[in-house]
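Please look over the sequence and the structure below before reading on. The paragraphs that follow go through the structure part by part.

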Amino acid sequence: MIQAPLGTSDILPGELARWRRVEAAAHDLMARFGYQEIRTPMFEFTSLFVRSVGDTTDIVEKEMYTFDAGSTESVTFRPEFTASVVRAYLEHNLHKQRPFQKLYYLGPSFRRERPQKGRSRQFHQFGVEALGSGDPWVDVETILVADAFFAGCGLSGTSIRLNSLGCPECRPRYRDAVRAALEPDRGRLCENCRRRFDRNVFRILDCKAPACHAIAEKVPAIGDSLCDRCRSHDRTVRDGLDASGLKGRWSPDTRLVRGFDYYTKTVYEFTAPNLGSQNAVGGGGRYDNLIAELGGPALGAVGFAIGLERTLIALAAQEKAGETPNDPTVDVYVVTVEPGPVSRAAAFSLATDLRRAGLSVDLDFEDRSMKSQMRTANRFNAAIVCILGPDELARGVVNCKSMSEGTSESIPRGEAAARLPDRVAAARRATPAVASKE
Ligand code: HAM
C-alpha cells in the first residue's frame with residue numbers, strides 16, 4: 001500500500017473542526033488588527049530564499065525542497081513565507097501604493113527536517129508581515145497579535161522570549177565578541193558548531209547539544225554591544241510590551257538568535273507547555289534590510305509566523321481531548337423501514353427535496369436495519385428523523401420524529417419540503433446543546 005511521504009500528514013474529517021476553529025480565530029483577529037490577506041505561490045526561485053534566509057542557515061544548507069524546473073532557474077518549495085511576501089510586495093509595487101502595508105497569510109511550508117513530535121516536513125503557518133516601517137511600536141503590535149491569537153484559540157501558558165540582534169552597524173562588534181569568547185573551547189564544540197564557528201557563529205548560542213550549551217554560557221550578552229539606536233529601539237519594545245498588558249509574560253533571552261539571516265534588532269519566540277523539545281509555537285522579528293536587499297527601497301519591516309500543527313498539539317494536550325468523532329451533523333436523517341429499491345428511491349427523492357429546501361440531510365445506502373439507521377441518526381445529531389415504512393409509502397406521508405422532543409407527526413409527502421425547515425428549527429431550539437455541537 002502506498003503511504004503518505006515521511007513528515008507529511010493527512011488532516012482527516014474528524015480533525016477539521018479544530019483546524020477551522022484555529023483558522024477562523026486567525027482571520028477574525030486579522031480583521032480586528034487591520035491586516036490584509038496575501039496568497040503567494042508554494043514555490044519560488046531558489047535564489048529568493050538563498051538571498052533572504054541566508055546561505056549559511058540550516059534551512060538553506062540542508063532543509064529546502066529544491067528541484068530543477070527544466071528551462072528556468074531552479075525552484076524551491078517555500079520553507080517560510082517572509083521572503084515570498086516581500087517579493088510580492090515589491091513585484092506588485094504595493095510599496096508605491098502605500099509604503100506601510102500590514103499583510104497576513106495562512107498555508108503550508110516545507111522543510112526537509114528529521115520528523116518528530118511537532119516537527120514535520122510539510123506544516124502550516126499563520127503569519128503576519130508589517131512592511132514599510134521601522135517603528136518599534138509595530139514590533140509591539142505584532143507580539144500582541146500573536147499573543148491574542150493564542151488567547152483566541154484558547155491556548156494558555158504561552159511565554160515570550162525576547163532579544164535584540166542589533167543591526168549591521170553593531171552586530172559585527174558582537175560577532176567578534178562571541179568568537180573571542182568561544183575560541184578557547186572551539187575544539188570541544190559539536191561537529192555542527194565547529195562548522196558554524198566561521199560561517200554562522202550566532203547559531204552556536206542556541207545549539208541544543210549539552211557541551212555547546214555549557215560553552216555558550218560564557219558568551220557575553222549582546223546588550224553591551226548594541227549601538228544607541230538599537231538600544232533605544234529595544235527599550236521602546238520592552239516598555240511597550242509592559243504598557244500593553246504583557247508585563248511578566250515576556251522575558252529577555254540573550255541566547256535567542258533564530259535561524260534566519262534577515263533579522264535585525266528585535267527577535268522573539270513564543271513557547272507553549274506540553275510540546276517537548278519542539279516547544280516553539282511561533283517566532284518572528286524585525287528585518288530592516290530585507291526589502292532593500294531584494295531590490296526595494298530602504299524600509300523596515302517586522303513579522304512572525306506561528307506553526308498551526310504545534311498550536312493544535314498544545315491545545316489538545318491542554319484539553320486532554322479524547323478522540324473527536326468523525327461524524328457529520330445533519331438536520332434530517334431519512335430512515336427506511338424495509339430494504340430494497342422502492343424504499344431507497346423514495347428516501348432518496350425525499351432527501352433531495354429537503355436538501356433543495358436548504359436542509360442538511362443524509363440517508364442509509366447500506367440496507368441496514370431500522371435500529372442501526374436510528375443509531376446513525378443519533379450519532380449525526382439529526383434534529384428530525386423522517387421514517388418511510390410501507391404504511392407511509394402507501395399513504396403518501398412521512399413520519400417525522402423530533403429527536404429532542406420525542407414527538408412524531410405525519411406530514412403529507414408533498415408538504416415535507418415546505419414544513420420541515422420550521423420543524424428542524426423548533427427541534428433545535430428544544431436542545432441548544434445539540435445544536436451547538438460543532
Ligand atoms: P520559524 O521560527 O522558522 O519562523 O517558524 C515559525 C513557526 O513555524 C515555528 O515557531 C513553529 O511553530 C513552526 N514550524 C517551523 N518549522 C516547523 C516544522 N518543521 N514542523 C512544524 N512546525 C514548524 C519563520 O518561519 C519566519 N518566517 C517567521 C517570521 C515572519 N519572521 C519574520 N516574519
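Which residue in β11 does Glu129 stand opposite? Glu129 stands opposite Gly303 in β11. Some ground rules come before the rest. This is a predicted model, in which local features need pLDDT of at least 70 and side-chain atom pairs count only at pLDDT 80 or more, while totals for chains, interfaces and linings use all residues. Residues are numbered from 1 along each chain as its sequence is written, and side-chain values use heavy atoms, with hydrogens and water left out.

The protein chain is divided into domain 1 (13-170 + 226-318) and domain 2 (332-437), with bounds that come from an automatic or database domain assignment. Taken over C-alpha atoms, the centres of domain 1 and domain 2 are 49 Å apart.

Begin with strand β11, residues 301-307. Helices (H or I, at least four residues) and strands (E, at least two) are DSSP runs, numbered from the N terminus. Seven of the seven residues of β11 are buried, so the strand is largely enclosed by the rest of the structure. Here buried means under 20% relative accessible area, exposed means over 50%, and partly exposed is in between (1.4 Å probe, protein chains only). In a regular strand the side chains alternate between the two faces of the sheet. On one side of β11 are Ala301, Gly303, Ala305 and Gly307, and on the other are Val302, Phe304 and Ile306; all are buried.

β11 also has partner strands. Two strands pair if DSSP finds at least two bridges between them. Strand β6 (residues 122-131) runs antiparallel to β11 and is joined to it by seven bridges. Strand β10 (residues 280-286) pairs with β11 in the antiparallel sense over five bridges, and Gly282 has Ile306 as its bridge partner in β11.

Another strand, β7 (residues 159-164), pairs with β9 (residues 264-271) in the antiparallel sense over six bridges. β7 and β8 (residues 250-252) run parallel and are joined by three bridges. Arg161 has a bridge partner in each of these strands: Glu269 in β9 and Ser251 in β8.

Now turn to helix α14, residues 370-379. Its buried residues are Ser372, Gln373, Met374, Thr376 and Ala377. What covers them includes β12 (332-336), β14 (384-388) and β15 (397-402), where contact means heavy atoms within 4.5 Å.

Most residues other than glycine have a negative phi. Asn381, which follows α14, has a positive phi, near 60°. Asp367, in the loop between β13 (361-363) and α14, has a positive phi near 50°. At 47% relative accessibility, Asp367 counts as partly exposed. Asn93, in the loop between α4 (82-91) and α5 (94-97), has a positive phi near 55°.

On a 1 Å grid over the protein atoms alone, a cavity is a set of points where a 1.4 Å probe fits but cannot get out, and lining residues have an atom within 4 Å of a point. The largest cavity holds about 60 Å³ of space, a volume being the space filled by probe spheres set on the points, which are joined across faces, edges and corners. Among the residues that line the largest cavity are Thr56, Asp58 and Arg203. α8 (191-199) gives the most to this lining, with four residues.

Key. On a 1 Å grid over the protein atoms alone, a cavity is a set of points where a 1.4 Å probe fits but cannot get out, and a pocket is an open set with protein on both sides within 12 Å along at least five of seven lines; lining residues have an atom within 4 Å of a point.
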